[in-house]
Amino acid sequence: MKSPMQVFRQLRYLLRLRRNEEGLAEELAFHREMAEREGNAIPLGNELRIREETRDASGAAPFERMAQDLRFAFRMLAKDPGFAVPAVLMLALGIGVNVAVFGFFSLVYLRPLPVREPDSLIRLSRQSPERYAYTLPYAEFAFLREHSRTAHGFVAMRQVRLATDDGLPALQAQYVSENFFEELGAPIARSEGAVISYSFWQRRFDGEAGVAGKPLRVNGKLVPITAVAAKGFPGLSMEPPDVWLPMDKPADDAEVQVWARVAQDGSPAAVEAEMRGLALNFRRVRPELGWEQEWIRAQAGGHAASLVRGTRSGTGPETADGSNAVLLLVASLGGLILLVACTNLGGLLLARGVSRERELRIRASVGAGSGRLAAQLFTESLALAALGALAGLGLGYGVSVGLMRYADLPAWLDPAPDWRVVLFACGAGLASALLFGLAPAMQGSKMKFHAGMARKVLIGAQVAASCVLLIVSGLLARSIQQATDVPPGFDYEQMAVVSPGLAERGFDASRAGEYLRRLEERARAVAGVESTALTDTSPMGRSSTVMQVDLGSGKPLEVLLNHVRGDYVKTMGLRMPRGREPRRAREAAISELAARRLYGDGDPIGKPLAIGGGYTVTGVTGQARLVRVEDGELAQAYLFAEEADMAKMMLIVRASTALETVLPELPPAARAVEGSVIPEVQAMRTAYEKKLEGPRRGAVAVSALGLAALVLACGGIVGLVAFAVARRTREIGVRMALGARPVHVLGNVLGEFARPVLAGLVAGVAAAATLSQLLQRQLYGISHLDGMAYGGAIGVFVATAGIAALVPAWRALRVDPAQALRGD
Amino acid sequence: MPKNDMPHGALALLILRVLQGGSLHGYAIAQKIHLLSSEVLRVEEGALYPALQKIEINGWVTSTWGVSETGRRVRFYKITRAGVKHLEAELAAYERTHEAIQAVLRGVSE
């Protein structure tokens with residue numbers, strides 16, 4: 001075994017080969033001179049031979065041979081640009097797509113945040129059998145900070161919108177614990193004032209140098225600006241806020257996001273173990289804040305993925321992230337593209353191998369062993385792969401930059417490839433070299449190998465892979481079309497949402513109730529407002545509470561819980577086929593799906609509800625897609641809101657006249673209630689369009705992949721058919737001369753491909769059916785086995801591939817028989 | 001022309017042994033082996049320099065360019081710590097083999 005140091009010294013020796021050999025010559029000359037001078041026998045060794053033996057003794061010969069092969073490979077590629085350029089481009093496309101996908105994954109899940117010691121950061125969340133939350137009450141944060149021995153450096157953060165000067169948009173602010181900047185390694189001293197973000201500094205103050213010390217109006221008070229955060233400093237949120245403010249001891253039940261650090265010899269698991277006990281103790285001390293059977297989860301907190309979770313919360317166990325399924329799907333599709341590119345290249349190389357047969361035979365006859373020839377051919381594939389990986393890295397970077405712009409990701413996420421991405425590109429290159437390079441290497445070395453068979457396998461694989469890509473993009477396109485075409489079950493056109501964010505502002509329930517009553521009054525007084533209602537779930541909003549109801553049989557029923565008050569059904573424009581909406585405490589309405597699953601054919605009106613505890617059903621509403629546009633399997637329950645729910649509520653407004661005239665009247669109405677509260681006012685239509693954006697982008701991205709695969713596959717098929725036809729030119733010529741009908745000859749030539757194509761189609765459909773299961777939740781209104789999508793995809797593929805195959809075949813038929821016979 | 005009459009690996013051992021006394025250039029190494037062996041062993045340059053190369057790749061010696069006693073530029077070889085360790089291990093093994101062989105030879109002659 002060679003040690004790494006030895007290999008390093010061997011490589012160094014090779015790199016300095018010329019200098020080393022000159023050195024040796026000098027040494028030998030000196031040796032002879034000394035021998036002569038001292039009257040010893042003058043050595044008669046052959047200097048050239050000594051030099052050879054010295055080089056061999058270094059043990060670096062295999063490397064040297066490899067370098068030789070590589071030089072030769074690049075020379076061969078340079079000599080044949082007609083082959084090399086398309087080959088490298090094809091590989092670059094295949095590798096580039098995967099580099100982009102992996103780059104995105106790495107950016108979110110692997111790359112450490114640009115803060116101090118990101119590896120030891122953990123994010124704390126609460127869990128219990130009933131629910132989970134990524135925020136903790138401030139009192140619990142303080143309790144854990146005081147008592148934990150396995151974790152230290154606790155950081156708390158609370159995001160709020162705060163009013164600033166009149167006429168300017170509200171501030172996105174974060175209250176942060178005093179150690180925030182120090183813990184995250186931002187060179188900002190602890191301060192009493194406001195720290196503004198780089199982008200806010202640019203936006204509001206045009207990057208003015210003397211901004212420190214200037215006052216900023218925050219909720220009616222003037223706060224001095226003490227510092228500007230560095231450009232790339234994200235803090236602990238995906239989108240940095242406008243301003244960070246010191247968190248002076250907030251209410252005990254104020255919900256804060258919490259990060260901490262594990263001790264150097266500790267682990268998140270140890271922290272979780274300790275905090276099991278701490279959570280129990282906390283519940284003993286503060287029974288109103290702690291949860292029953294609560295435990296604290298400590299997840300790695302040092303990358304963007306932990307920021308994305310924000311203030312997520314819900315009932316039941318935390319369900320797996322839907323984006324994981326999508327990422328897995330996109331990764332599989334990327335892999336398929338690379339597979340298609342590789343099979344294409346394999347085909348090209350096979351064809352080239354045939355035309356190089358003569359060269360290879362000559363080289364074999366002058367003494368090249370078959371292993372040496374295979375090594376040489378494989379080295380050529382490696383050279384090709386290296387070029388492809390390099391170009392793919394560039395292409396992937398370009399795609400990533402475009403994607404970042406398109407998906408509106410924050411600027412501090414830097415898409416430039418890091419060592420992980422470079423390593424991935426190298427790996428992808430090596431894997432593809434193995435894929436496409438093995439066949440020609442075996443062929444070249446005259447190992448037992450059946451070129452015809454290989455060609456068939458290549459075609460089958462290509463057809464299968466392209467089929468999968470087309471089917472999946474067809475499914476997504478159909479689903480997005482359905483989601484857009486089928487109305488969401490409520491009338492979003494003439495609606496607006498006014499979210500005051502009372503809980504984040506520290507309003508308690510009674511103060512919030514009072515505020516909302518006055519806000520509703522003012523809003524109703526605005527000309528053109530038809531009706532208003534209160535809800536805790538913003539339609540098409542970011543957060544929602546979903547409850548899983550286990551029905552004993554079948555899939556558990558998932559129910560979206562809304563707490564509502566006022567003319568909810570009318571304001572939302574919901575259908576109400578039976579009964580009436582909830583009007584007093586402990587009344588509830590449920591959607592049709594919930595009614596069917598919970599009560600079967602029976603009439604639910606007047607019956608007790610199995611959700612929430614102690615509710616009676618007063619009505620059944622039509623199904624609506626309130627939060628997830630693409631999710632048709634989510635039932636709804638509308639529970640009459642208690643006074644205790646008031647701090648979480650927001651106002652929804654329906655306009656009878658044009659919404660455009662009502663919208664601008666709403667903020668002043670809110671300010672008249674309480675000047676310090678600046679609510680977010682949004683037209684429902686905008687929120688709805690925004691929600692559709694995600695699936696739409698997904699469909700566009702996958703369609704682009706599908707198109708790329710189709711183009712690649714067609715290119716490959718043209719090449720393979722042309723090659724097959726070219727080998728049979730003479731036979732075709734003879735047949736034509738003997739009077740065969742062109743159609744028959746054509747059928748004979750193409751018939752060779754019928755079986756692999758059919759097999760590829762079957763394999764492709766099977767693979768697509770399996771893979772698309774991942775998509776089920778993302779598909780609205782169609783099954784993942786949707787016939788239209790499958791049929792359409794196969795139709796498109798067969799049509800394009802057929803045309804692609806006919807072109808070279810037809811050309812062969814028009815060859816002059818006499819010329820074909822003369823041949824060669 | 002035989003390269004040398006030494007068993008495989010023995011030359012490396014001799015080189016390392018003479019380098020233990022301080023760094024030397026190639027010619028001096030050959031001379032020293034020659035002298036120390038009471039002029040029995042003659043190290044040909046055709047064997048010496050490949051062996052030096054191999055030893056250097058293995059990390060047992062390092063070389064630096066210096067000036068010889070005659071004022072010429074020449075490479076000086078210096079034993080490394082790894083080289084000393086290797087030498088000690090090899091010498092111990094050699095001793096053991098040597099004693100074993102001696103024991104057998106004595107046993108047969110009695």
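Chain B and chain A touch through 27 residues from chain B and 29 residues from chain A. This is a predicted model. Start at that contact. The area buried between the two chains is about 2,500 Å². Carbon and sulfur atoms give 56% of that area. On the side of chain B, the residues that lose the most area to chain A are B:Y27, B:E45 and B:I57. Together, these residues make up 30% of what that side buries.

The interface of chain B and chain A holds 4 salt bridges. One of them joins A:R32 to B:E45. In that bridge, the closest N and O atoms are 2.7 Å apart.

Which elements of chain B give two or more residues to the side that touches chain A? They are α2 (26-36), α3 (45-57) and β3 (73-79). Of the elements of chain B, α3 gives the most to this side, with 9 residues.

Now turn to the aromatic rings. Over all chains, the structure holds 17 aromatic pairs. A pair of rings is described by the distance of the centres and the angle of the planes. Take A:F233 and A:W244. Their ring centres are 5.6 Å apart. Their planes meet at 55°, which lies between the cut-offs of 30 and 60 degrees, so the pair is tilted. Where do these two residues lie? A:F233 is in the loop between β8 (221-228) and β9 (243-246) of chain A, and A:W244 is in strand β9. The pair therefore ties together parts that are 11 residues apart in sequence. Buried means under 20% relative accessibility. A:F233 has 7%, so it counts as buried. A:W244 has 1%, so it counts as buried too.

Compare A:F507 and A:Y515. Their ring centres lie 5.9 Å apart, and their planes stand at 75°. That angle is over 60 degrees, so this pair is edge-to-face. Both A:F507 and A:Y515 are buried. Rings can also gather in a group: A:F102, A:F105, A:Y109 and A:F424 form one aromatic cluster.

The charged end of A:R586 sits over the ring of A:Y615, 4.6 Å from the ring centre. Chain B has an example as well: the charged end of B:R73 sits over the ring of B:W65, 4.1 Å from its centre.

Go back to the loop between β8 and β9 of chain A. A:D242 is found there. Is A:D242 buried or exposed? Its relative accessibility is 8%, so it counts as buried. Leaving aside neighbours within four places in sequence, A:D242 is in contact with several residues, including A:Q172, A:S197, A:F200 and A:R203.

A:D206 lies in the loop between α8 (198-205) and β7 (215-218) of chain A. Its phi is positive, about 50°, although A:D206 is not a glycine. At 66% relative accessibility, A:D206 counts as exposed. A:Q293 lies in the loop between α9 (268-285) and β11 (295-300) of chain A. A:Q293 is also a residue other than glycine, and its phi is positive, near 50°. With 54% relative accessibility, A:Q293 counts as exposed.

Terms used:
Residues numbered from 1 in each chain as written. Chains lettered and ligands numbered in written order. Predicted model: local features only at pLDDT ≥ 70, side-chain atom pairs only at ≥ 80, totals over all residues. Heavy atoms only, no water. Phe/Tyr/Trp six-rings, centres within 6.5 Å; stacked < 30°, edge-to-face > 60°. Helix = DSSP H or I, 4+ residues; strand = E, 2+ residues; numbered from the N terminus. Buried < 20%, exposed > 50% of the residue type's maximum accessible area, 1.4 Å probe, protein only. Lys NZ or Arg CZ within 6 Å of the ring centre and 35° of its normal. Contact = heavy atoms within 4.5 Å. Buried area = accessible area lost by both parts, 1.4 Å probe. Salt bridge = Lys/Arg side-chain N within 4 Å of Asp/Glu carboxyl O.
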